[in-house]
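Walk through this model with me, one region at a time. Keep the sequence beside the structure as you read.

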Amino acid sequence: MSDSTLKPSVLIFGGLNTCSRALAAFLVPIDGEALVSHLRIVDKYSVAPPTTYIGPEFTTVLQSPVVEYKQANLTNQAAIHAAFEPADPSHPPFDYVFDYTGEVRYDRNEVIQISTTFGTAKLLGQEAARRKVKAYVRISQPFYETSGKQPATEKDDIKPAETLGIWWHETQRLLGSIQDLNLVILRVGFMYGPYTNFGNIASAITVSSVYGYMQKPMKSMWSPGKNPTNTIHVEDVSGAAWACANWIATRGRKAADEAAGEVIHFHNEKNKTKEVDGMRPHNEKIVAPVFNIVDESNSTLVSTGTTIAGVFSTTFEFFSLVESTVIKVLDDLEEINEHHVEGWTEMLQNSTPPITQTPLTAYMDKYTLEKHNVSFDNSKIKQIVGYKLKRPEFKAANIQEVVDKWKAEGVFPNATRS
């Protein structure tokens, strides 16, 4: 595959604020040969100057001659059509599309979620089908509530979490209904990894560091139990997405459905089908290839909390029943977050040198503070696609690597209390 003409050309849409940067670095490594002949990344953000956090390594990736970045409004059909056009008319069309788009903030209203998650994916999927791309991989964030008793397989009918999760799930049904779209849906666990400042794990890292700095235990309001919070390193999200693209590219949609197709169940209001353009009827059977990707740690609230807290020389504990009841009754985000943010600010100011700008925060939003069960069985992708995890264990060394890279960048405090 040393001949670049044999390598696929790739489009990545969205996810610059979540995990598409990790995929770009995987496809075009700083030290190593590119896996692609050409990589185009398209998102709403600017990268020069950056209007979202991108990290130092991604800046280096963008300097590669096989990489280009296009800023575009992905809710606009003309912009998406243009994004699929090769830079040079003599160049072949793009082979693979990775769809990392979608709203990830719970505080956005349903209209925005429909437009930026469902609407954008509809335009992308339809255009990709018209272009007859060889692979279309949709990354599905862990906005689900699964059983706390056993990991959910791809066949299980799992419930989307809140309005945000409903529209992420509805997007899967929409994409699955597009004929001739060589689709694979990749459902991921809670992501973490270098330069990943999005999600529950990133929040836990910053908040744990505050408790370590204050020399106090980090406490949860939720009583200890299984409470699964399955994790996945961004390197494995990227590796699995690439493996799935290569897998379906050699088969096509029909054979992929036969090998890995699952029914994507309806979880929305039936009357919405009349209101939202492109939404499929509740009784339409939609089948598409679906794979879960989580690591082997079977992570829980306790195990992740204990591992992360240990990196900062503190412990992970639980409030007493009386304490947790009072906190839940208060339901006051500002009060809960007050000492996190104050401690974090003090750490930034006392660092050497002081840190005046950072993409990281110790503020925990409502979703992060709530109790969630996300547990996926990862055996299918290993058996059918043959994917082997690169970071199979959620361990302190992986978290330390994340922290060390942020410290080297100068965005994570190095202050200690005497």
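Which residues of helix H8 (residues 253–260) are buried? Arg 253, Ala 256 and Ala 260 are. Their directions cover an arc of only 60 degrees around the axis, which puts them on the same side of H8. The arc is taken from the directions that run from the helix axis to the C-beta atoms. On the other side of H8, Lys 254 and Glu 258 are exposed. Buried here means under 20% relative accessible area, exposed means over 50%, and partly exposed lies in between (1.4 Å probe, protein chains only). Helices (H or I, at least four residues) and strands (E, at least two) are DSSP runs, numbered from the N terminus.

Some ground rules come next. This is a predicted model, in which local features need pLDDT of at least 70 and side-chain atom pairs count only at pLDDT 80 or more, while totals for chains, interfaces and linings use all residues. Residues are numbered from 1 along each chain as its sequence is written, and side-chain values use heavy atoms, with hydrogens and water left out.

What covers the buried residues of H8? The cover includes helix H5 (162–177), E8, H7, E12, E13 and helix H13 (379–385). Take helix H7 (residues 234–249) from that list. Of its 16 residues, 13 are buried, so H7 is mostly covered. At 1.5 Å a residue, H7 should span 22 Å, and its end C-alpha atoms are 22 Å apart, which agrees. The expected span is 1.5 Å times one less than the number of residues in the helix.

Now turn to strand E13 (residues 287–293). Six of its seven residues are buried, so E13 is largely enclosed by the rest of the structure. Strand E8 (residues 183–188) runs parallel to E13, and four bridges join them. Within that pairing, Ile 185 has Val 290 of E13 as its bridge partner. Strand E12 (residues 261–263) pairs with E13 in the antiparallel sense over three bridges. Here Glu 262 is bridged to Ala 288 of E13. Two strands count as paired if DSSP finds at least two bridges between them. In a regular strand, side chains alternate between the two faces of the sheet.

Another pairing involves strand E2 (residues 38–43). Five of its six residues are buried. Strand E1 (residues 9–13) pairs with E2 in the parallel sense over five bridges. Ser 9 has His 38 of E2 as its bridge partner. The loop between E2 and helix H2 (55–61) holds Pro 49. A cis peptide bond joins Ala 48 to Pro 49, with omega about 0 degrees.

Go back to helix H5 and find Trp 168. Is this residue buried or exposed? Trp 168 counts as buried, at 3% relative accessibility. Its C-alpha atom is separated by 6.5 Å from that of Thr 117, 51 residues apart along the chain. Contact means heavy atoms within 4.5 Å. The side chain of Trp 168 also reaches the backbone oxygen of Glu 103 at 2.7 Å.

Next, the domains. The protein chain is divided into domain 1 (9–194 + 229–298 + 373–402) and domain 2 (200–227 + 315–372). Their centres, taken over C-alpha atoms, are separated by 29 Å. The contact takes 18 residues from domain 1 and 10 residues from domain 2. The bounds come from an automatic or database domain assignment.

Helix H6 (residues 200–214) contains Ser 209. At 3% relative accessibility, Ser 209 counts as buried. Neighbours within four places in sequence aside, Ser 209 is in contact with Phe 312, Trp 344, Met 347 and Phe 412.

Finally, look at some backbone details. The loop between helix H11 (333–349) and helix H12 (366–369) holds Pro 353. Its peptide bond from Thr 352 is cis, with omega near -5 degrees. Gln 215 lies in the loop between H6 and strand E10 (218–220). Phi of Gln 215 is near 60 degrees, a positive value in a residue other than glycine. Gln 215 is exposed, with a relative accessible area of 59%. Asn 298 is found in the loop between E13 and helix H9 (301–311). Phi of Asn 298 is near 50 degrees, again positive in a residue other than glycine. At 53% relative accessibility, Asn 298 counts as exposed.

Note on methods: Polar contact = N/O pair within 3.5 Å; in protein donor to acceptor, adjacent residues only side chain to side chain.
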